[in-house]
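Dear colleague,

Please find the structure below, handed over for your own work.

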Amino acid sequence: MIFTRTPFTAAMLALATIAAPLAMAAPAHAAINNQDPSAFINGLTDEGFAVLRGGDKVAAKAKFRTMLAQHFAVDAIGDRLIRRWKPTLKPEQLAAYKAAFPNYVIGLYADRLFEYANADVKVIRAQPAATGAAVVTQVTKKGQQPINAIWTLNKTPQGYKVSNLTVAGINLSLTQAADFDAYIQRNGFDKLVAFMKSKG
């Protein structure tokens with residue numbers, strides 16, 4: 001996502017919480033419990049930050065791709081960001097966008113996330129929401145003020161999946177959709193996809 005206005009890379013704290021099979025140097029983790037909202041976010045953040053603390057950026061990006069596919073509502077998020085334009089797109093344009101989207105997210109955030117490898121994430125509370133649940137967390141990095149992040153979770157037949165993140169009051173989906181809209185208006189949809197590919 002373009003996310004140029006996001007002051008903190010928490011979409012990737014989410015992404016640090018993400019994942020494509022790969023042999024990790026870090027110890028094996030227990031399966032993430034995606035049936036309970038609090039346990040789900042605890043598991044995601046624990047696993048994501050363990051990858052970051054391993055220090056291997058190539059391995060981290062591969063792990064994040066797998067976590068993204070497993071634990072995030074990738075298609076729903078991607079569709080939401082181009083909702084305004086989707087009715088005008090050809091099938092091949094939409095397919096190219098969907099293919100570029102996951103790598104774009106990884107490419108944009110993975111390196112930045114290493115700045116937060118030693119941050120702490122604490123679940124404050126979980127509450128029911130219309131389509132699943134909302135989990136409030138607090139992210140603390142030494143020398144900085146704590147930041148609240150609210151994870152929006154959708155309940156699916158396979159368990160909870162992350163569908164949005166609001167960090168320090170900034171709704172990442174709304175921010176990214178506005179950035180995509182502005183880019184498409186200036187350059188066209190195909191140029192957006194080409195830009196995404198260049199960043200992924």
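Is T45 buried or exposed? The model is a predicted one, and in it T45 is buried, with a relative accessible area of 4%. The cut-off for that word is a relative accessible area under 20%. T45 belongs to helix 2, which spans residues 37-54, and its side chain reaches the backbone oxygen of N42 at 3.1 Å.

As to the overall architecture, the protein has 7 helices and 5 strands. Read from the N terminus, the order of the elements is α-α-α-α-α-β-β-β-β-β-α-α. The protein has 200 residues, of which 50% count as buried.

Salt bridges

The search of the whole structure returned 4 salt bridges. In general, side chains of opposite charge can pair when their charged atoms come close. One of the salt bridges joins the side chains of E47 and K63, at 2.7 Å from N to O. Because E47 is in helix 2 and K63 in helix 3 (residues 57-71), this pair ties together parts that are 16 residues apart in sequence. E47 and K63 are both buried.

A further salt bridge links D75 with K98, with 3.9 Å between the closest N and O atoms. D75 sits in helix 4 (residues 74-81) and K98 in helix 5, so that distant parts of the chain, 23 residues apart, are linked. Both partners are partly exposed: D75 has a relative accessible area of 49%, and K98 one of 29%. K86 in turn forms a salt bridge with D79, where the closest N and O atoms are 3.1 Å apart. K86 is also partly exposed, at 33% relative accessibility. Through salt bridges that share partners, D75, D79, K86 and K98 are joined into one network.

Helix 7

Helix 7 covers residues 189-199, and its buried residues are F189, L192, V193 and M196. Seen down the helix axis, these residues fall within an arc of 95 degrees, and therefore they line one face of helix 7. As a general point, an α-helix has 3.6 residues a turn, so residues three or four places apart point the same way. The buried residues of helix 7 pack against helix 5 (91-113) and helix 6 (172-187). On the face turned away from this buried side, helix 7 carries the exposed residues K191, K197 and S198.

With kind regards

Note on methods
Residues numbered from 1 in each chain as written. Predicted model: local features only at pLDDT ≥ 70, side-chain atom pairs only at ≥ 80, totals over all residues. Heavy atoms only, no water. Helix = DSSP H or I, 4+ residues; strand = E, 2+ residues; numbered from the N terminus. Buried < 20%, exposed > 50% of the residue type's maximum accessible area, 1.4 Å probe, protein only. Arc of directions from axis to C-beta. Contact = heavy atoms within 4.5 Å. Polar contact = N/O pair within 3.5 Å; in protein donor to acceptor, adjacent residues only side chain to side chain.
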